[in-house]
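Please view the model alongside the text.

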Amino acid sequence: MGGEACIDLLGPVRATVDGRAVDVGGPKPKLVLARLAMAAPHAVTVDGLIESLWGGGPPATARKTVHGYICGLRAALGADAVVTAGPAYRLGLQASSVDLHRFRTLVTQAAATGGEDAWEALSAATELWRGPPLTGVGDSVFVAHEARRLAELYVDAVERQMGIGLELGRDDALVPVLEELVERHPLRERLWTTLMTALYRGGRQAEALAAYRRLRALLADELGVEPSEVAADLHSRMLAHDPGLARRAQAADRRGNLPHRLTTFVGREQATRQLEDALRRARLVTLVGAGGVGKSRLAERVAARVASRFRHGVWLAELAPLRRGEPVPHAVAAALGIQQRHGLGIAETVVAYCRGKRLLLVVDNCEHLLDDVGPLVERIVSTSEGVAVLATSREALGIAGEQVWPVTPLEAADARALFAERAVAVRPAFRLVRGTVPVVDEICTRLDRLPLAIELAAARMRTMTAAELAVHLDERFRLLTARHRSAPDRHQSLRSAIDWSHDLLDGTEQELLAGLSVFSGGFDVTAAREVCRPDRDGQAVADLLADLVDRSMVVVETVGGATRFRLLETIRAYAGERLEARGTAEELRRRHAVYYAGLAERAGPGLSGPEEGSWADRLATDFDNLRSAVEWATTVGDVDLAFRLVAYLPDFTYWRIGYESSTWAERAMALAEADVHPLFAGVCAGAARGAWMVADYRRAECLARRATTIAATATAGSGGRVPATGPRTCYPGDVLADVALYDGRVEEALDHYRHEAAQARPREEPLRLAWAQYYVAVCQCVRRTPEAGIPAAEESLALATAAGNPTAVAMALYALGLALKKSDPDRALALFEQSVAASVRASNRWVEGIALMEAAATRAVHGEVDAAAAALQHALTQWERTGDRTQQWLNLRYIARLLVRIGDDEAAVVLHHCLLRAAKRSPLDDHGLAELAERLRPNRFAAAAARGRAMSDGDAVAYAGKRLEACTTT
């Protein structure tokens, strides 16, 4: 993982990469990460990690388990995130990537300075805290001790910050903060004395004296002592009205015209801090982003936070009311409150006024006046060393030295909080509870987490529930209009916000933007040209896209090392309306489907070659486009396009996505008769494979036989597969054999694959032979003659290695490991791990999952319970996500076996009877079941059996997941 990783300990322990949360595992892996982060840049021995995890009673497998946690952290954060240092591990990240180390650095800076600089450093330090430290990592003795120690550091920093605030004369602003602090830390006298001083200086002498009485009573009740000499002396000075306690005069001129908003600012704490820092380094910072993304409010927030740096104030010049051609200097002069000087033009007057001043100028909504704003701002910053400019625009100003800061949509948690706060304002009874959180998250996601859209949506909560609002979001442009008169015209509705930006585009840009609405998820330059502007060359389209990016109408991002573009869903909906109005929507949708049908045809063979991983990544990137192309082709009844899209994708979709494409296949089949299209048999075989994956074996057999009949008629000698070079997963005969294998008819399956291997040799089809030999080895293992499968697995591995196809290699490694699991478990485990690695290179989740299951089973036999449970949990999640019921039932068998090994008898009985209820084989034989019954006693055994028989498939998966989680936390 190549992004910038950060570790946060000052609150719930979490890890992020490029600002996005990363799952590093449960409490124990998080504790390992926290331990390494606290020690950075020093190393922590394995013994030290074990002590932190388990104290004095570690399990026998502790070292292996710690190694497993380290491997998991490297997988989540990058191979270099944790470095091996002899018998120890060290965090491989910069110390500044850990919030605790940033906190310590800022506190040290504050101690070395004073005044405003110290205040800012301590403010930044305390803002790093998100709650009690080290939460979510368990409650061991180590965690409890470290959490107390860190909490003390926080309170010390807050006390120093409050004291500096008093020195700076911020008494009134400190009072509510101090009142909250003394409630949370009632025995910290320094907080009480600071509160008393702030109240006294604010003219609230009675409250200051009352605070002393509260402190005195509290200390007497809790500790049986009197207040300290310092507190008692302060009390005496207040009674005597000591002039030395009076508010200190402030030398700084705090003027400015920032508005006082009636609504609070929600979220963007990290961006706010980063922008505060950016204004230290650069004197011109421009916030750019789409309409409604919150540039203006963020600029005001940042400006207010840095106001103390600017002796001559912070001034907001709002340019939205100006039309093109109207004089910008007059608006800036009006904001600064200055008159045109005699003998100078208005622009020269503004520049002359700023010269020698130390002020911050916020220039808001510049996008429609760039030709006028740019020169004026450039003159101001080039002639006035003490002036900084914070601009907002949907496009950069284009001035030398400008730092452009893209403002992106809100993070999910901030979007949810914003919606909730605004909803409560119009519907006081609204609360975010378990039932409403998913609905609110859906609303925010569908609105691209744009603050303007969220606020407009929340305003509708006066007359709608969240669920009703979500249902009506397809009519977002009609629904989302402002209900208050104070909103500027461009924010009166979601449509007006986008109209503002759209009207700034020229005709060619508007036409391209409308065409881009046919893409789902994203696109590259080539796709944009082929679908939207085939009459233009690639460079011309690239230039147009760059213009749209500059104007914040299109988002650019890097995916897999390649440049991709996408529209925010709200802008896509707007552009789609424009496309319909142009009357060219169906023509562009057809071009879109044709383009992605061509991609599918090229990718099909590529997935069988050495570059399989690259092709899989490309298809994954464009999966939303492939889905929408299939949807369009099947809806309009275009048989050829539908079949071209569906026939070549199963090796990608079944192994990487899940069974979704089997529904595509069946929809495509309904469009034509069997003899109409040469790809029909291949599509039918794909539908059969999909039915097998969801364990609908009778449907799979029916479809596979139909495909076999059509294939035999259409192309004799192709092995029952059309096209002959099509997906490996879609031999209909293989589907029939796999049904037999999972139905317990092992000999039937073995005979089929032996026959297929014999057919593949003279045809010189190495991958087909490797596939057949893989299954020969698997069948031998199922029939409990694994030694007979070793030669087939070894040949499969040799063929796959020579072909260089990662999936073929991963499958062969898995088969060889399976054949050696009993006779050479150590080597088998190594082979399973190699199979997982090869599967990851191929982005093949299916083979990764089966290899993980076997590795887990092998580890369980060797007593590595935590590692086995973690692997089975991963597989459980994977099969649930892809919808592969066949593998999920097999996984539940492995979990039941593990539960028996660790003594979770009741859970094992539950899963046993759940398997029987679903007509699946259980790993528990009569003897093993009798032992469990004896240990549980009749009543508990009967209750567990009844619970298992009553469980649905989904309930069984959820139950197994909870039992596995318990394995890793006890």
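## The second largest pocket

In this predicted model, the second largest pocket holds about 1900 Å³ of space. Its lining is made up of 44 residues. Those closest to the centre of the pocket are G68, G72, A870, A871 and H874.

Six elements are listed as giving two or more residues to this lining: α1 (27-39), α3 (62-77), α39 (825-841), α40 (845-861), α41 (865-882) and α45 (953-969). Helix α3 gives the most, with eleven residues. By residue class, the lining divides into 21 nonpolar, twelve polar and eleven charged.

## Cysteines without disulfides

How many disulfides does the structure hold? The count is zero.

For C354, the closest cysteine sulfur is that of C366, 15 Å away. C354 counts as buried, at 0% relative accessibility.

C684 has its closest cysteine sulfur in C702, at 8.0 Å. This distance, too, is too far for a bond. C684 is also buried, with a relative accessibility of 0%.

## Salt bridges

The structure holds 56 salt bridges. One of them pairs R301 with E269, with the closest N and O atoms 3.0 Å apart. R301 sits in helix α12 (residues 295-305) and E269 in helix α11 (residues 269-281), so the bridge ties together parts that are 32 residues apart in sequence. Both ends are partly exposed: R301 has 27% relative accessibility, and E269 has a relative accessible area of 30%. R301 and E269 also belong to a network of salt bridges that links E127, E269, E276, R301 and R305.

A second bridge joins D638 to R590, and here the closest N and O atoms are 2.7 Å apart. D638 lies in the loop between α28 (623-636) and α29 (639-647), while R590 lies in helix α26 (residues 585-606), so this pair ties together parts that are 48 residues apart in sequence. Are the two partners buried or exposed? D638 is buried, with a relative accessible area of 17%, which puts it below the 20% cut-off. R590 is partly exposed, at 39%.

The side chains of D622 and R618 form another salt bridge, at 3.2 Å from N to O. D622 counts as buried, at 1% relative accessibility. R618 is partly exposed, with a relative accessible area of 23%.

## Helix α2

Helix α2 covers residues 46-54 and is itself mostly covered. Seven of its nine residues are buried. Which residues of α2 are buried? They are V46, G48, L49, I50, S52, L53 and W54.

The residue that follows α2 is G55. The phi of G55 is positive, near 65°.

## Points to look at in the model

- The pocket centre, where G68, G72, A870, A871 and H874 are the closest lining residues.
- The network of salt bridges that links E127, E269, E276, R301 and R305.
- The end of α2, which is followed by G55 with its positive phi.

Key. Residues numbered from 1 in each chain as written. Predicted model: local features only at pLDDT ≥ 70, side-chain atom pairs only at ≥ 80, totals over all residues. Heavy atoms only, no water. 1 Å grid on protein atoms, 1.4 Å probe; cavity = no way out; pocket = protein on both sides within 12 Å on 5 of 7 lines; lining within 4 Å. Points joined across faces, edges and corners; volume = space filled by probe spheres on them. Helix = DSSP H or I, 4+ residues; strand = E, 2+ residues; numbered from the N terminus. Nonpolar A, V, L, I, M, F, W, Y, C, P; charged D, E, K, R; others polar. Disulfide = S-S within 2.5 Å. Buried < 20%, exposed > 50% of the residue type's maximum accessible area, 1.4 Å probe, protein only. Salt bridge = Lys/Arg side-chain N within 4 Å of Asp/Glu carboxyl O.
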